[in-house]
Amino acid sequence: MSNLTLTIDDALLRAARVKAVQEGTSVNEICRQAITAYARQDDAEVMARAHARAQAFLDHARSVTLGPGGGPRLTRDELYEEMLSERSPGGPRRASSRK
C-alpha cells in the first residue's frame, strides 16, 4: 500500500477523528473509502449504462413473438412439448451429430 500526505485544517481533522471514533472507524479508513468511491465513479456510470442497455434488450425480447407469422409466444413448457413431439416416432427428427 502507498502512503498519502494531506494538508488539512487542524480543527477539521480533530472533528473528523472524534466522529470516526464515535463511528468505530478511523480517518484513514474514511479517506480510503472516499478515494475508492471517487475512483470508481466512472465504473458506476459505465455499469449504469450497461444495465440500461441490457434492460432495453430484455424489454425488446419480451415484445418479440415466437412462432411463424408472428403467432403467440410459447411458454417454456409449450416449447418443450413441441420439441418432444418433433422427436417422437413419426415426427420430424434432427440428424444426430454423433458418429
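**View 1. The E29–R32 pair in helix α2.** E29 and R32 stand three residues apart in helix α2, and are therefore separated by about one helical turn. The two side chains form a salt bridge in which the closest N and O atoms are 3.0 Å apart, where the term means a Lys or Arg side-chain nitrogen within 4 Å of an Asp or Glu carboxyl oxygen. By this rule the count comes to one salt bridge. E29 is partly exposed, with a relative accessible area of 25%, and R32 is likewise partly exposed, with a value of 35% (buried is under 20%, exposed over 50%, partly exposed in between; 1.4 Å probe, protein chains only). The model is predicted, with local features needing pLDDT of at least 70 and side-chain atom pairs pLDDT 80 or more, while totals for chains, interfaces and linings use all residues. Residues are numbered from 1 along each chain as its sequence is written, and side-chain values use heavy atoms, leaving out hydrogens and water.

**View 2. The lining of the largest pocket.** The largest pocket is lined by 16 residues, and those lying nearest its centre are L4, L6, N28, C31 and R32 (on a 1 Å grid, a pocket is an open set of points with protein on both sides within 12 Å along at least five of seven lines, and lining residues have an atom within 4 Å of a point; probe 1.4 Å). The elements that contribute two or more residues to this lining are α1 (10-22) and α2 (27-39). Helix α2 gives the most, with six residues.

View 3. L4 is placed in the segment before α1 and is exposed, having a relative accessible area of 58%. Together with L6 and I35, L4 makes a nonpolar surface patch of about 310 Å² (residues over 30% relative accessible area without a salt bridge, nonpolar side chains joined within 5 Å, like charges within 9 Å; Shrake-Rupley areas, 1.4 Å probe).

**View 4. The whole chain as context for the close-ups.** The protein chain holds four helices and zero strands (DSSP runs, helices H or I of at least four residues, strands E of at least two, numbered from the N terminus). Read along the sequence, the chain follows the pattern α-α-α-α. Of its 99 residues, 2% are buried.
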